[in-house]
Every structure is written in C-alpha cells, then in structure tokens.
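Have the structure open while reading.

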Amino acid sequence: MCRDKFKEILRFIRFDKKNERSERLKTDKFALISRIWTKFIENSQACYIPGENITVDEQLFSSKARCPFTQYMPNKPSKFGIKFWLAADVRSKYLLNGFPYLGKNEASGSNIPLSEFVVCKLTEPYLGCGRTITTDNFFTSLSLAKKLRANKTSLVGTIRSNRKELPQIAKAKKDKMSRYSTKLYKTEACTLTMYKSKANKKVLLLSSKHRNVGIAKNEKRVPETISFYNNTKYGVDILDQMARKYSTKAGSRRWPVHAFYNILDLAAINAWVIYKDVTQVQMSRKEFLLQLAEELSGNYDNEAKSTSTLSNIQNIENCANCQVQVSCNRNRSKSVCSKCNKKICGKCILKTKYVCKKCLE
C-alpha cells in the first residue's frame, strides 16, 4: 500500500455512525469506539479459558490527543494517556476483560466504591470457579474479599494502611517489629499479614486464600502470602510492557484511533497466546507478528495484483497504433478522434479539441 493511500485511510477512518453519535454520547463517553471494544472483549472471552490465577490492574495507553477522559499519572512511563482497567491470566498474560476509565462518576449508579466496582465487573465472567484474584492496594479491601468469597473466589492483595477495617497496630507508623519479622491477624474470612521488609517499611497484605501462613526458612523469612503475591501480581504489568514493545501505534490527533491501536496491540498478544496453546509451537512474539502482518497483507496484495493484471489487459486491448500519422511515426495511443473515430496520438491531436488534423482541413 502506498503511503498516501494509508494516510487517507487514517484520515477518514471511523468506528461508529455519525448520525447516531450525539444520542449515544449522552450515556457513553466511549461511544466513538465502544462497539469495536465490546466486540473485541467478547471474542477474547469466547476463545480462551484462563487458569486459576487472574491479575486485575490498570493500563495507561500513551496519548496526548484531545480526549474528555485523558489521565495524568506521573508514576507511569508515559505520564498522559487513556486509562484502561484490565484483567489478565497470570500464566499466559492473555487479556480476559477490560474497559476504559471514563471519570469519577463511573460507579456512581452502583453505590459501591470504584475499586470494588472495577474488580467485580472485570471478574464477573470467571466467578464461582475457585479462582484467585490478585490486586494492588488501590483495589484491596475487606468488603471486596467477602464479596468474592461469597462467589467461591479468593482475593490476595496488598492493602493501604488507612483502611478503617485494619487493626490500630497496622495503622501505626512506628512499631517495634524487627526486620524480616511477620505478624498475622485472622478473621473468619481473611488473613492479614504484616511483614517488615525494610528498616522503615512494612508490607500489609490481605488474603482470603491462605488460612495457615507458612514462613520461609531463609535469611529474609518471607511469608507464604508475600511469595504468592509476588508470583501472581505481574500479569497486567507484563501485558502492558509487551504491548508497548511491539506496537502498531502511529501519530494521530483523534483519540478513537489511539484506542483502536491499543485494541490491535492487545489482540495480537491474545492471538499469539492462542496460537502457541493450539499448535504447541514455541514461536517468539516478534516472529509471530511479522508472519501475521504478511498473512494479513496477502489478501490485499493478491487483489492488487489481480486488479493490475486486468487493467493491463484492458490497456493492451484499448491501445493501438495511430491511424492518422500526420506528425508521428505509428505511435501507440488510446485516444480516438471525435469525428472519424480513428486512433490518434498526442502529436496528431489539436490541443484545444480532440480532432485530427485531416478532419480539421
């Protein structure tokens, strides 16, 4: 495909019907591409069954386009962008579910905190099967752990020290815990682990999966809950890192196009995971993406070749030697005199009219 044609496609590409846009924007800020995103998530869920561990976290897709829900996150590599809540399989890094963050009033109609709303919505298709959800301290709370436990799902995640359900000793900034020491607090549903990882830092972790917590017999004496969290937390982080490493992203001033780039990147990762599981072939992602690009462009190349072949045949049939030959020596041409209907070349044509010089005389 030539560059100008590609730029023209990017200029005019749309993902919704413009005459219906104003009505849908009243209830959905993501309406300009929500249908494409919803279809992508439905296909992703229909094509893969996840393992026992799922990670829920956020993704910031880099974008400085004019968008009503652009986020600024200084702790991310790309600071500005569109934030997506994602759920990924820990083993394969397959994207299972996701939706964009559209503002503070996103969960206003459900009367529950945003963190609980996000986790419940992302994990809804996978509840009741004994899986374990791993989250960071933004999402983790005792009420969320009880909700998931009622649906036969465990929760493991770090928890902020200002949560009202925590004991007073966990909220204290100064304590008498020695380094690499552990304290455990249990309720009927959950276990709270306090681990002093550094001299001035302690980790608080809530788990509804572990009732009896073992301690490693090494120098750091890491609890079992901390080790499990470290081994299952990175699902979405690695997924985001893989999407940024090999990306289809290009320059654009419209945020729906940027969201479409993110869909392409995530869909390519899901396709790579499914390909490896089905064929049992260990192929690098770079090699898979190159092969995928060749196969996707193959249909376009075949159509372009067939079109060019037909056009060449038509040109050969319509092209003939000049029949007037007043100022030329049998030049080939497709032009015809408007009076005598004979083939005429550029040298035998009047510049003002398509009339041969013999007919003019």
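## Packing of α3 and α9

In this predicted model, the axes of α3 and α9 come within 11 Å and cross at roughly 10°. Angles under 35 degrees count as roughly parallel. The two helices, α3 and α9, are therefore roughly parallel to each other.

Which residues make the contact between α3 and α9? From α3 come Ile36, Trp37, Phe40 and Ser44. Their partners in α9 are Phe260, Asn262, Ile263, Leu266, Ala267 and Asn270. By class, the contact of α3 with α9 has 7 nonpolar and 3 polar residues. No charged residue takes part in it.

## The largest pocket

The largest pocket has a volume of about 910 Å³. Its lining counts 25 residues. Closest to the pocket centre are Phe6, Thr248, Leu264, Ala293 and Leu296.

Which element gives the most to the lining of the largest pocket? That is α9, with 10 residues. The lining of the largest pocket divides into 19 nonpolar, 4 polar and 2 charged residues.

## The second largest pocket

The second largest pocket holds about 290 Å³ of space. It is lined by 16 residues. Trp37, Gly98, Phe99, Pro100 and Lys121 lie nearest its centre.

At least two lining residues each come from α3 (34–46), β4 (95–100) and α4 (114–123). The largest share belongs to α3, with 6 residues. By class, the lining of the second largest pocket has 7 nonpolar, 5 polar and 4 charged residues.

## Overall dimensions

How many helices and strands does the protein have? Its secondary structure comes to 11 helices and 11 strands.

The protein has a radius of gyration of 32 Å. A compact globule of 361 residues would have a value near 21 Å. Taken along the principal axes, the C-alpha atoms fill a box of roughly 115 × 45 × 40 Å.

Key
Residues are numbered from 1 along each chain as its sequence is written. This is a predicted model: local features need pLDDT of at least 70, side-chain atom pairs count only at pLDDT 80 or more; totals for chains, interfaces and linings use all residues. Side-chain values use heavy atoms; hydrogens and water are left out. On a 1 Å grid over the protein atoms alone, a cavity is a set of points where a 1.4 Å probe fits but cannot get out, and a pocket is an open set with protein on both sides within 12 Å along at least five of seven lines; lining residues have an atom within 4 Å of a point. Grid points are joined across faces, edges and corners, and a volume is the space filled by probe spheres set on the points. Helices (H or I, at least four residues) and strands (E, at least two) are DSSP runs, numbered from the N terminus. Ala, Val, Leu, Ile, Met, Phe, Trp, Tyr, Cys and Pro count as nonpolar, Asp, Glu, Lys and Arg as charged, and the others, Gly among them, as polar. Axes are lines fitted to C-alpha atoms, for helices over the stretch in contact, and angles run from 0 to 180 degrees between N-to-C directions. Angles under 35 degrees count as roughly parallel, over 145 as roughly antiparallel, 65 to 115 as roughly perpendicular and the rest as oblique. Contact means heavy atoms within 4.5 Å. The radius of gyration is taken over C-alpha atoms; the globule rule is 2.2 Å times the number of residues to the power 0.38.
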